[in-house]
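Subject: Structure handover

Hello,

Here is the structure I promised to pass on. Please open it first, then read my notes below.

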Amino acid sequence: MEDKKNILDFQKIQLSTNKYLSRGLTNNFNIKWEKANDEFIFVEGLNEKVIDFTAGILVNCLGYNNQLLKHNINKLLENGIIHSYHYQTSFKEKYLESLYNFTADSFINPKLYLTSSGTEATESCMKIMLRHGQNFSPKKNKILSIEGNYHGRTMGAALMGTGGLFNEVWPNIYNSFPKIKFPYLWEVKEEQGEDFFHNELRNLEPEKLETICGIIIETYQGWGACSYPKSFIKAVKKYCKQNNIILAFDEMQAGFYRTGLRFGFQHYEIKPDIICIGKGMGAGLPLSGLAGNSEIMQLALPGELSSTHSCNPISCVAGNTVIEIMESEEFKNNITENAALFTKLGNDLKNKFEFIQKKSNFMGMVGALVFDLSDNEKSIEYANKFCEIALTKGVLVIKTGRESVKLSPPLTIRKESIEEAFKHFEYILNLFC
Ligand SMILES: Cc1ncc(COP(=O)(O)O)c(C=O)c1O
């Protein structure tokens with residue numbers, strides 16, 4: 001294979017934005033994007049265009065410079081309304097109708113709510129679950145979540161997630177939110193999923209169980225694209241039904257065909273009561289929200305879910321374009337083929353190298369190479385090194401900061417680019433042997 005001459009010294013690059021931005025917002029990589037087209041990014045200092053295997057952070061599902069998206073946004077700009085608060089516009093009308101139809105197979109008479117960031121969506125979901133609890137008893141004020149899952153950085157979302165500042169500063173509040181262990185597929189077999197869930201519940205104090213009004217599940221755990229045994233999710237669903245608990249899926253990453261299906265929960269053959277959606281939903285514009293069974297979504301009191309940029313016209317136009325494209329036969333055929341190819345090449349790759357075989361995961365158009373060396377520090381070092389070499393070879397991948405490398409190209413990527421990227425990955429992994 002031709003060796004590309006994209007040589008960069010990442011340590012030496014000084015990005016001007018670092019002068020202004022808080023270090024709380026760190027760059028994923030010390031590089032500057034100059035422009036982008038389809039699945040390619042042009043990076044300052046690199047001779048060759050780079051294949052994007054990040055989609056930003058699973059956001060740019062249609063790639064870059066999508067002509068229909070550009071056309072529709074330009075039309076909106078000509079119209080003049082770039083913000084309309086909670087006044088109705090034709091853009092809002094059109095999008096809500098499309099999103100209703102897009103979710104109509106999943107929910108009973110779906111009701112929707114729109115926000116701009118994922119954390120706002122999960123936090124709003126938390127509110128709805130708490131309202132549900134309060135309708136029964138003031139004691140029902142906790143959400144059960146899963147260790148290691150991520151739902152955002154605002155306080156409510158973080159209480160359902162793992163660790164961080166809130167955990168340190170208010171351990172009593174954080175610890176009062178019950179959590180159970182994640183059933184990693186390399187530890188829990190399909191036939192053990194149900195028992196695993198019930199054992200985890202038994203490990204919680206019985207008084208805590210009585211406080212649960214909702215359970216939130218990240219459709220797959222982000223850093224490693226880790227999915228669950230189907231039997232585990234089915235047991236959660238059954239438990240929720242029997243105990244009048246709302247089941248929420250955080251589909252921020254998994255929704256909108258990232259896993260090859262419209263929504264990721266479909267892989268588990270259950271239906272949640274409500275989903276949190278975002279990322280790919282807006283193809284790069286800030287758009288997120290909730291969709292759920294009408295009965296559940298109507299638990300929110302009037303005004304309780306308001307947000308300044310809810311149903312922002314530009315985001316609605318982008319969201320509508322995403323659905324228009326995703327509903328086309330061309331997209332549906334292409335995503336099925338792309339997902340099959342991506343998953344096959346991913347699984348072939350992991351089976352060739354012992355040190356990534358056990359824990360790597362591929363599901364539709366998302367995957368993670370998880371390094372499993374004897375020493376976790378070394379696994380993290382290899383993962384970071386992999387990301388740097390991949391970029392010099394012409395592929396941008398997601399550096400997770402952990403022992404994994406995340407792979408999530410635009411859904412519309414050409415097959416040749418998928419194949420080219422995986423050839424580079426094999427070359428890099430061989431360097432580690
Ligand atoms: C599963 C999941 N939930 C919630 C969020 C938070 O979304 P945002 O960063 O848009 O607030 C993310 C973001 O990475 C996510 O992956």
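Let me start with strand β1, residues 33-37. This strand is hardly covered: of its 5 residues, the count of buried ones is 0. Its partner is strand β2, residues 40-43. The two run antiparallel and are joined by 4 bridges. One of the pairs is W33 with V43 in β2. The hairpin of β1 and β2 has 2 residues between the strands. There, D38 takes a positive phi near 50 degrees.

Before going further, one caution: this is a predicted model.

**The whole chain**

The protein chain has 16 helices and 15 strands. Its radius of gyration is 22 Å, close to the 22 Å that the globule rule gives for 433 residues, so the chain is as compact as a globular protein of that length. Along the principal axes, the C-alpha trace spans about 65 × 60 × 45 Å. Of the 433 residues, 47% count as buried.

**Two domains**

The chain is divided into two parts. Domain 1 covers 4-60 + 334-431, and domain 2 covers 69-326. Their C-alpha centres lie 27 Å apart. Where they meet, 22 residues of domain 1 are in contact with 17 residues of domain 2.

On the domain 1 side, these elements give two or more residues: α1 (55-58), α13 (329-352), β11 (361-363), β12 (366-370) and β15 (404-407). β12 gives the most, with 4 residues. By class, this side of domain 1 has 10 nonpolar, 8 polar and 4 charged residues.

**Strand β12**

Is β12 enclosed by the rest of the structure or open? 5 of its 5 residues are buried, so β12 is largely enclosed. Both of its faces are covered. V366, A368 and V370 are buried on one side. G367 and L369 are buried on the other.

β12 belongs to an open sheet of 4 strands, in the order β11-β12-β15-β14, with antiparallel pairing. The edge strands are β11 and β14 (398-399), each pairing on one side only. As a reminder, strands of a sheet pair through backbone hydrogen bonds, either parallel or antiparallel.

Now the neighbours of β12 in turn. With β11, the pairing is antiparallel over 3 bridges. N361 has A368 of β12 as its bridge partner. M363 has V366 of β12. The hairpin of β11 and β12 has 2 residues between the strands, and G364 takes a positive phi near 60 degrees in it. With β15, β12 again pairs in the antiparallel sense, over 4 bridges. Here A368 stands opposite K406 of β15.

**Around the ligand**

How many residues surround the ligand, and which are the closest? There are 13, and the closest are S117, G118, T119, G152 and M252. By class, the shell divides into 2 nonpolar, 9 polar and 2 charged residues. Helix α4, residues 118-134, supplies the largest share of this shell, with 3 residues.

**A121 in helix α4**

A121 lies in helix α4. Is A121 buried or exposed? A121 is buried, because 30 other C-beta atoms lie within 10 Å, and the cut-off for buried is 20 or more. Leaving aside neighbours within four places in sequence, A121 is in contact with T115, C276, I277, G278, S288, G289 and L290.

**In short**

β1 is hardly covered, whereas β12 is largely enclosed. β12 also gives the most to the side of domain 1 that touches domain 2. Helix α4 gives the largest share of the ligand shell, and A121 in α4 is buried.

Best wishes

Terms used:
Residues numbered from 1 in each chain as written. Predicted model: local features only at pLDDT ≥ 70, side-chain atom pairs only at ≥ 80, totals over all residues. Near = placed C-beta within 6 Å. Nonpolar A, V, L, I, M, F, W, Y, C, P; charged D, E, K, R; others polar. Domains from an automatic or database assignment. Contact = placed C-beta atoms within 7 Å. Buried ≥ 20, exposed ≤ 12 C-beta atoms within 10 Å, placed from the backbone. Pairing = 2+ DSSP bridges. Rg over C-alpha atoms; globule rule 2.2 N^0.38 Å.
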